[in-house]
Amino acid sequence: MPTPTEQPAVVVRARAQPGLGGGDDRSVLTVQTAPPLLDAQTSRTPALAARLAETRRLTDVLAEPLSPEDQTIQSMPDVSPTKWHRAHTTWFFETFVLGSTGTHRPFEPAYGYLFNSYYETVGPRHPRAERGLLSRPGAAEIGAYRRHVDEAMARALDGGLGPDALALVELGIHHEQQHQELLLMDIKHVLSVNPLRPAYRRIAGPPTVAERAPRWIEHPGGLVEVGHAGGGFAFDNESPRHRVHLEPFAVADRLVSCRDWMAFIDDGGYRTPQLWLSEGWATVSNTGWDAPLYWRRGDHAWEVFTLGGIRPVDPAEPVCHVSYFEADAFARWADARLPTEAEWETVASTQPGDEVTEGDGFLDLDHLHPRAVPAGGPPRLSGQVWQWTSSAYLPYPRFRPPLGAVGEYNGKFMVNQHVLRGGSCVTPVGHHRPTYRNFFPPSARWPFAGLRLATDR
Ligand SMILES: [Fe+2]
């Protein structure tokens with residue numbers, strides 16, 4: 001499984017947020033220190049500093065192809081401008097790590113208002129839907145802010161931080177990785193609303209992969225355990241580990257493809273109310289959805305807008321940018337259903353293919369679009385697209401939100417959202433694990449989200 005190679009000496013009780021999920025971030029937490037492990041944690045500080053620098057560098061790399069104008073636009077309230085992501089992730093380290101040292105002077109005190117995402121206990125903040133109105137500070141000033149905080153972080157780590165602060169550095173790294181995926185999701189939407197349909201960067205075309213019918217991975221059901229088992233970093237919404245009883249079931253060994261989706265469209269899937277949840281049908285009726293987000297009818301075939309520009313839809317690739325409502329309707333049309341998150345995790349935790357969560361299927365700047373996977377090798381549930389589950393995003397049994405400002409993160413978002421599993425082609429390498437719970441409202445289509453079918457046995 002994709003647990004980090006380092007075992008934190010402090011127990012980080014991070015809180016995911018609707019970041020990837022509902023919104024701009026996810027993350028902060030509360031930290032429970034394990035004093036006897038302090039020495040071990042401290043001794044790993046150089047490795048932590050190296051990972052911090054690598055993570056911060058990747059954010060800069062992701063922003064590199066974008067002009068200051070690109071980085072300023074907010075194309076819808078759910079989207080945040082690139083420069084806001086760059087600044088907010090920096091604010092996180094400055095506020096929660098450097099702010100705890102008692103000696104750091106803020107780079108610009110007003111940034112606390114501009115780049116606080118939703119921490120009520122930290123202070124007032126700029127309205128989320130108005131982030132695109134901030135022509136200033138400009139992208140270059142945000143770059144200077146990042147460098148200033150990076151240098152201060154390096155000095156702080158070099159000088160020695162306590163276990164709580166080190167745990168927050170670890171959390172800040174994972175938080176920034178979440179924003180790296182959000183940055184790519186958001187800039188894709190920003191570029192898509194430009195009539196010129198500009199590319200973010202050049203990416204590879206689809207591979208030539210023979211299509212195949214899905215096969216079922218059977219599971220006998222019974223009493224299973226799900227949730228983070230300890231060892232390595234996890235957000236607090238992945239705990240506590242607990243027991244769940246499953247009825248016999250099966251999940252498909254491949255994702256629903258674009259060809260599958262074309263059949264759904266051709267069969268009137270978007271025009272058949274019997275297939276839809278009431279709220280989903282109301283959404284279809286109000287929005288006029290008739291295909292996944294970013295699809296359009298070309299002269300001869302479906303086309304799709306990607307981070308590399310517009311290209312023909314590859315029928316073999318996993319369908320992407322569909323909402324929960326659409327995924328649920330498709331599953332009903334296919335005489336199947338979506339898996340629960342416990343079913344998904346139970347199967348993923350035992351598939352040899354899911355032991356590796358790096359490489360193919362996760363963030364790769366040469367691709368940035370889901371690809372068809374060749375047959376052969378052990379089935380793998382993770383990668384390419386996040387997968388909608390039928391599970392509402394709720395606290396696990398005995399979940400208790402952490403105390404403190406950072407404790408605002410998770411618990412307050414556990415309503416009106418659905419869980420997605422699996423990671424996507426824009427999820428940073430090493431960021432995913434089988435217990436990872438992403439979450440979005442059921443109408444969200446801008447995440448890199450698709451689906452995998454399940455059925456009863
Ligand atoms: Fe955030």
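Let's start with a strand pair: β3 and β6 (residues 249-252) run antiparallel to each other, joined over four bridges. One of the links to look for is E218, whose bridge partner in β6 is A250. Keep in mind that this is a predicted model.

**The sheet around that pair**
- The open sheet has three strands in the order β3-β6-β14, and the pairing is antiparallel.
- β3 (216-219) and β14 (454-456) sit at the edges with a single partner strand each, so one side of each has no neighbour in the sheet.
- On average, neighbouring strands here are turned by 25° against each other, direction ignored.
- Helix α10 (residues 341-348) lies across β3, β6 and β14, and runs at about 75° to β6.

- As a bit of background, most peptide bonds are trans, and most residues other than glycine have a negative phi.
- The bond from R136 to P137 is cis, with omega near 0°; P137 is in the loop between α4 (111-115) and α5 (139-159).
- S239 and P240 are also joined by a cis peptide bond, with omega about 0°, and P240 belongs to the loop between β4 (222-226) and β5 (242-246).
- L368 has a positive phi, near 60°, and lies in the loop between α10 and β10 (386-392).
- Q384 has a positive phi too, near 80°, and is found in the loop between α10 and β10.

**Buried or exposed?**
- L368 is buried, because 22 other C-beta atoms lie within 10 Å.
- Q384 is buried as well, with 27 other C-beta atoms within 10 Å.

Methods: Residues numbered from 1 in each chain as written. Predicted model: local features only at pLDDT ≥ 70, side-chain atom pairs only at ≥ 80, totals over all residues. Pairing = 2+ DSSP bridges. Helix = DSSP H or I, 4+ residues; strand = E, 2+ residues; numbered from the N terminus. Axes fitted to C-alpha atoms, helices over the stretch in contact; angles between N-to-C directions. Contact = placed C-beta atoms within 7 Å. Buried ≥ 20, exposed ≤ 12 C-beta atoms within 10 Å, placed from the backbone.
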